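Have the viewer open while you read.

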Amino acid sequence: TACLTRRSSSLWCISLSPANLELSPPACPQLCPCLFQSQVFCYGLSPSDGSEWRCRIEAEAEHFMDVSSWSVADIAHRMSQDGLHIGVNLNGYTKGARNEIFALWPAPVQTSYMGFPATTGAPFLPYLITDKVVAPPQLHHCYSEKLALMPNCYFVNDYKRCHRDVLNKAALPRRGEFGLPDDKIIFSCSNQLYKYDPDTFKTWCNILKRVPDR
């Protein structure tokens, strides 16, 4: 996903490309659709799947263009023509990424954000938007990028609008409803299934074996 910003007469316009290839269900579009409501130039890198999130972003973004069938050179050329000042890569090295777009420098300033919080090591992505938890000071030497540290958490979330039920603590489900004990630590990894590989599962099991059952 490519997100970019452009400057018009008196305001900075955010231009985001919300469509990374994982659109059903997507992570970024579900968590931060509120980002796409400013003056936005969106370049969809995957075809529409008709999902609620894709349709919402297409409807609410001021400018949306499906470039999923375009070549890398054509996409970069169009972004450059749009007069973008800042390019933000939301994919990094994840499924469906088209980092080669950024290798053509469609914007004079380019950064990574959101989808791939680790370093890319890419000279065409010299900045990374993150926070001190994801990128603790003692590990800053591991990054090729200059780090733009957010004051609290770098990860935006639109839950107050999309999932207002979580704001009512009295209505939240209790552990007992799912057969979970109230006095135990619950280990959870809320990711897509393709991220559950044997090595990761084995690591979790080793951790659980070492945690006291009390």
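Going along the sequence, the protein chain reads β-β-α-β-α-β-α-β-α-β-β-β-α-α. That comes to six helices and eight strands, where helices (H or I, at least four residues) and strands (E, at least two) are DSSP runs numbered from the N terminus. This is a predicted model, with local features needing pLDDT of at least 70 and side-chain atom pairs counting only at pLDDT 80 or more, while totals for chains, interfaces and linings use all residues. Residues are numbered from 1 along each chain as its sequence is written, and side-chain values use heavy atoms, with hydrogens and water left out.

**Burial and cysteines**

- Of the 214 residues in the protein chain, 33% are buried. Here buried means under 20% relative accessible area, exposed means over 50%, and partly exposed is in between (1.4 Å probe, protein chains only).
- Don't go looking for disulfides: the structure holds zero of them, a disulfide being a pair of cysteine sulfur atoms within 2.5 Å.
- C42 counts as buried because its relative accessibility is 2%. C55 sits at 37%, so C55 counts as partly exposed.

**Strand pairing**

- Strand β3 (residues 41-44) and β4 run parallel and are joined by four bridges. For pairing, DSSP has to find at least two bridges between two strands.
- G44 has D66 in β4 as its bridge partner. From β3 the chain crosses through α2 to β4, and this β-α-β crossover is right-handed. Right-handed means that, with the strands pointing away from the viewer, the path from the first strand over the helix to the second runs clockwise.
- β7 has parallel partners in both strand β6 (residues 109-112), over two bridges, and strand β8 (residues 146-149), over four bridges.
- For specific positions, S112 stands opposite L128 in β7, and T130 stands opposite L149 in β8.
- In a regular strand the side chains alternate between the two faces of the sheet. Strand β7 (residues 127-130) has L128 and T130 on a covered face, with Y127 and I129 on an uncovered one.
- H85 lies in strand β5 (residues 84-89). With a relative accessible area of 32%, H85 is partly exposed. H85 and V109 are 24 residues apart in sequence, yet their C-alpha atoms are 6.3 Å apart in space.

**Salt bridges**

- There are four salt bridges in the structure. The criterion is a side-chain nitrogen of Lys or Arg within 4 Å of a carboxyl oxygen of Asp or Glu.
- One of them pairs the side chains of R54 and D66, at 3.6 Å from N to O. This pair links distant parts of the chain, with R54 in helix α2 (residues 52-60) and D66 in strand β4 (residues 63-66), 12 residues apart.
- What about the burial of that pair? R54 counts as buried because its relative accessibility is 2%, whereas D66 is partly exposed at 35%.
- R54 and D66 also belong to a salt-bridge network that includes E58.
- R56 forms a salt bridge with E60, and the closest N and O atoms are 3.5 Å apart. Both residues lie in helix α2, four residues apart, or about one turn of the helix.
- R56 has 15% relative accessibility and so counts as buried. E60 has 31%, so E60 counts as partly exposed.
- R78 and D82 meet through their side chains in a salt bridge of 3.2 Å, N to O. Here R78 is partly exposed, with a relative accessible area of 29%, and D82 is buried, with 12%.

**Nonpolar surface patch**

- Which residues make the nonpolar surface patch? I185, F187, I207, L208 and V211 do, over about 470 Å².
- Patches take residues with over 30% relative accessible area and no salt bridge; like charges are joined within 9 Å, and nonpolar side chains (Val, Leu, Ile, Met, Phe, Trp, Tyr) within 5 Å. Accessible areas come from the Shrake-Rupley method with a 1.4 Å probe, and for residues, only the protein chains shown count as cover.
- F187 is found in the loop between α5 (159-162) and α6 (198-210). Its relative accessibility is 48%, so F187 counts as partly exposed.
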